Amino acid sequence: MDTLPYAVQTTFPLLFMLVPALGALVGCRRDPDRPKAEIWQRWWSVGALGIGSLWITLSFLAIPEGMADAIGFTSSPFQFEIAFANLGLALLGFRGASASPRERLTSGLAAAAFLWGAAIGHVYQWFANGDHAAGNTGGILANDILIPAVMIALAARDVRRTDPGRVHAAHPAT
């Protein structure tokens with residue numbers, strides 16, 4: 001991993017948000033009758049969470065020393081566990097291709113539990129230990145924060161769109 005320039009290493013993870021965003025934009029133009037939130041959710045779920053997490057899974061399994069180096073850590077048996085935690089996220093992401101808005105909301109919340117915890121860890125290592133490694137700050141930190149946030153926001157919007165009676169039942173008009 002240290003043979004790639006720092007800028008490439010730190011910005012590469014952003015592709016896992018950029019490609020689904022472009023796909024969603026094209027999808028919205030091709031199918032203007034389908035709700036935009038649904039198109040965005042499906043692209044974001046499969047592309048950003050599914051493929052992004054599968055990439056991390058495979059990277060931690062295939063090149064664990066390179067991944068440890070990219071993060072600024074020493075190699076550890078926990079990398080195997082991180083690989084399979086990411087595999088779980090990948091499965092949730094791929095499920096989003098045919099899931100209901102409520103299921104996608106649950107997937108976003110599950111992703112947030114892991115990825116926001118990882119983001120807190122990255123920020124802690126950044127400030128407490130000066131860890132500015134490409135895999136600790138930059139693109140991966142943005143992914144850890146934004147992928148679940150966008151999933152949750154899109155799914156919450158779609159839940160309100162598809163189940164308006166249930167939303168209003170909790171707050172009856174007076």
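The largest cavity has a volume of about 30 Å³, and a search of the whole structure finds one cavity of 30 Å³ or more. A cavity here is a set of points, on a 1 Å grid over the protein atoms alone, where a 1.4 Å probe fits but cannot get out. This is a predicted model, in which local features need pLDDT of at least 70, side-chain atom pairs count only at pLDDT 80 or more, and totals for chains, interfaces and linings use all residues. Residues are numbered from 1 along each chain as its sequence is written, and side-chain values use heavy atoms, with hydrogens and water left out.

**The cavity**

- Its lining is made up of Q41, W44, S45, R104, M151 and L154, where a lining residue has an atom within 4 Å of a point.
- Helix 3 and helix 7 are the elements that give two or more residues to this lining, and helix 3 supplies the largest share, three residues. Helices are DSSP runs (H or I, at least four residues) numbered from the N terminus.
- By type, the cavity lining splits into three nonpolar, two polar and one charged. Ala, Val, Leu, Ile, Met, Phe, Trp, Tyr, Cys and Pro count as nonpolar, Asp, Glu, Lys and Arg as charged, and the others, Gly among them, as polar.

**The largest pocket**

- For the largest pocket, the volume is about 920 Å³. A pocket is an open set of points with protein on both sides within 12 Å along at least five of seven lines, and a volume is the space filled by probe spheres set on the points, which are joined across faces, edges and corners.
- Of the 41 residues lining the largest pocket, I56, F60, M67, I71 and I140 are the closest to its centre.
- Helix 1 (6–11), helix 3 (36–62), helix 4 (64–71), helix 5 (78–95), helix 6 (101–129) and helix 7 (139–162) each give two or more residues to the pocket lining, with helix 3 giving the most, eight residues.
- The pocket lining divides into 25 nonpolar, 15 polar and one charged.

**Salt bridges**

- The structure holds five salt bridges, each a side-chain nitrogen of Lys or Arg within 4 Å of a carboxyl oxygen of Asp or Glu.
- D158 lies in helix 7 and R104 in helix 6, so the pair ties together parts that are 54 residues apart in sequence.
- D158 is buried at 0% relative accessibility, and R104 is buried at 2%; buried means under 20% relative accessible area, exposed over 50%, and partly exposed in between (1.4 Å probe, protein chains only).
- D158 also meets R161 in a salt bridge, at 2.7 Å from N to O. R161 and D158 both lie in helix 7, three residues apart, about one turn of the helix. R161 is partly exposed, at 41% relative accessibility.
- Salt bridges that share partners join R34, E38 and R42 into one network. Between E38 and R34, the closest N and O atoms are 3.4 Å apart.
- E38 counts as buried at 12% relative accessibility, while R34 is partly exposed at 38%.

**A nonpolar surface patch**

- F12, L15, L18, V19, L22, L25 and W55 form a nonpolar patch on the surface, with about 640 Å² of accessible area together. Patch residues have over 30% relative accessible area and no salt bridge, with nonpolar side chains (Val, Leu, Ile, Met, Phe, Trp, Tyr) joined within 5 Å and like charges within 9 Å. Accessible areas come from the Shrake-Rupley method with a 1.4 Å probe, and for residues only the protein chains shown count as cover.
- Helix 2 (residues 15–30) contributes the largest share of the patch, five residues.
- F12 sits in the loop between helix 1 and helix 2 and is partly exposed, with a relative accessible area of 32%.
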